[in-house]
Amino acid sequence: MVSDIFEIGIVGAGVAGSCCAQVLGKAGIKVAIFDHSHPREKPCGGLIDERVVNELHLPEELLEREVKWISAERFKIRSKMSIKPSGFIVSRKTFDYHLLQRALNNASVTFFDEKVNQIEKEEKDWTLRTSKGKAVKVKVLIGADGCPSLVRKNVLRPIPPQFLSMAVGYDFICSNKYIENTFAEDTVEAYYSRKYVQKGGYIWIFPKRTNINVGIGSPEETGKKLKQSLDKFISSHPAGKRLQPLERNFFAHLVPTIWKKEYFDLPCSGSNWALIGDAAGHVYPIGGMGIYYAMKGGMLCGSAILDGDLQLFERHWQKEYGDELHYGAESVLKYYGNLGFVYWLADIFENFRASLHNGQ
Ligand SMILES: Cc1cc2nc3c(=O)[nH]c(=O)nc-3n(C[C@H](O)[C@H](O)[C@H](O)COP(=O)(O)OP(=O)(O)OC[C@H]3O[C@@H](n4cnc5c(N)ncnc54)[C@H](O)[C@@H]3O)c2cc1C
C-alpha cells in the first residue's frame with residue numbers, strides 16, 4: 001500500500017540531502033526526506049572551508065575550532081602552511097543535525113526516520129520501500145545517500161571500485177584542555193610518509209572540541225592494511241604517540257576518489273532523478289574533501305528543480321565547481337606518485353610567496 005505521495009523524495013539527510021530539502025522546502029515544495037541514522041557522527045574530519053560558512057550562515061557555536069594552519073610532513077620535510085581564508089572544524093553530528101532541522105522548519109518537508117531498502121520505477125513515478133514497511137510514492141528521486149548509494153545503483157550504476165578509497169581511523173575522546181596543551185593552536189596536521197602510507201594518501205590529525213579525529217585514506221590500500229599503518233604511526237611516530245593514552249572509537253568509510261576526469265562527464269541527473277554529494281562522486285580527489293560540494297550540489301539541484309528542468313543541475317554544478325574536480329582528477333595520481341616531490345615543493349613555495357605578499 002502506498003502511504004503518501006510527494007513531489008520529491010530525497011534519500012539521505014546528510015549535508016547534500018538537507019541542503020537540497022531546505023531550498024525546496026523554502027519554496028513550499030512537498031518533499032519527503034529519508035534517513036535512518038540521525039543524529040549521527042559521520043566518520044569525517046569535519047574540516048570545512050569558508051565558502052561553507054559564508055553560504056550557510058552557520059551559528060558560531062557549530063564552529064568547534066578555527067583552522068589557520070596546516071602542519072604537514074612529506075619527504076621528511078615538515079612545513080607549516082597558512083590556510084587563507086581560515087577553515088573551521090565542525091562535529092558532523094551537530095552540523096548535519098542543524099542542517100536537517102533547518103530543512104524541517106519548512107512545513108512542506110517531511111522526515112522519515114527510516115532506511116530506504118528498495119526503489120521501484122514506475123512509468124513516471126518512483127516507489128520507495130522502507131525498513132519500517134512503508135511505501136512512499138515520489139515524482140522525482142534524489143540520491144543523497146552517500147557512498148555506496150542505493151539510488152545510484154538504481155538510476156545509473158555504482159561508482160566503480162577503482163574510483164573508491166577506503167578511509168579508516170579513530171575518534172580519540174579527550175578534554176579540551178588536553179587538546180590545548182598538546183596540539184598547536186588553530187592547526188591541523190597531515191603526514192604523507194611512505195613509511196606509513198605506502199601507496200599514496202595521507203594521515204590526518206584534526207583536533208576538534210572534545211575529540212581528535214585521526215584517520216588514514218589511500219586510493220590503493222585495503223582497510224586492514226590502512227588500520228595496521230595507522231596503528232604503527234600511533235605507536236611509533238612522535239605525533240602519533242600523543243594519542244596513545246586516549247580512549248578511541250574506530251571508524252571506516254568509503255570516499256569517492258575519481259582520478260579520470262572523463263568520469264565527471266557521466267550525467268548526475270535525468271528528467272526525474274538526480275545524484276548529489278558523495279552519491280554523485282563529488283569529492284575533491286586529492287584530499288578527500290566533499291562537504292562543500294555536497295552542500296553546493298544539494299542547493300544547485302534544488303534550484304534546478306525550481307527552475308523546472310532537473311537536467312540544468314548538470315550545467316550548474318559543472319559551472320560552479322566542475323573545474324576544481326577536473327583539476328583534482330587530473331592531478332591526484334601525480335600528486336601521490338612520482339611527481340609528488342614537485343607538488344610538495346610547489347606547495348611550500350606558493351605558501352612562502354603568499355606569506356611574503358601578506359607581510360607575515
Ligand atoms: C573518514 C572521512 C573523513 C572526511 N573528512 C572530510 C573533511 O574533513 N572535510 C570534508 O569536506 N570532507 C570530508 N570527508 C568527505 C565528506 O564526509 C563527504 O563528502 C560528505 O559527508 C558528503 O555528504 P553527503 O550528504 O553526500 O553524504 P553523507 O554525509 O555520507 O550522508 C549520506 C546520508 O545518507 C544516509 N543513507 C544512506 N543510505 C540510505 C538509505 N538507503 N536510506 C536512507 N538514508 C540513507 C546515511 O545515513 C547518511 O546520513 C571525509 C570523508 C570520510 C569518509
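Author: Two packed helices are described by the angle between their axes and the distance between the axes. Here helix α8 (residues 291–306) packs on helix α9 (residues 312–336) at an angle of about 145°, the axes being 9 Å apart. Axes are lines fitted to C-alpha atoms, for helices over the stretch in contact, and angles run from 0 to 180 degrees between N-to-C directions. Helices are DSSP runs (H or I, at least four residues), numbered from the N terminus, as are strands (E, at least two). This is a predicted model: local features need pLDDT of at least 70, side-chain atom pairs count only at pLDDT 80 or more, and totals for chains, interfaces and linings use all residues. Residues are numbered from 1 along each chain as its sequence is written.

Reader: Which residues of α8 and α9 make the contact?

Author: On α8 they are Tyr293, Lys296, Gly297, Leu300, Cys301, Ser303 and Ala304, and on α9 Leu312, Phe313, His316, Trp317, Glu320 and Tyr321. Contact requires C-beta atoms, placed from the backbone, within 7 Å.

Reader: At what angle do α1 and α3 pack?

Author: Helix α1 (residues 15–26) and helix α3 (residues 92–104) pack at about 20°, with axes 8 Å apart. α1 is therefore roughly parallel to α3 (angles under 35 degrees count as roughly parallel, over 145 as roughly antiparallel, 65 to 115 as roughly perpendicular and the rest as oblique).

Reader: Which element gives the most to the shell around the ligand?

Author: α1 does, with three residues. α1, β10 (164–173), β14 (247–256) and α8 each supply at least two.

Technical notes
Two residues are in contact if their C-beta atoms, placed from the backbone, lie within 7 Å.
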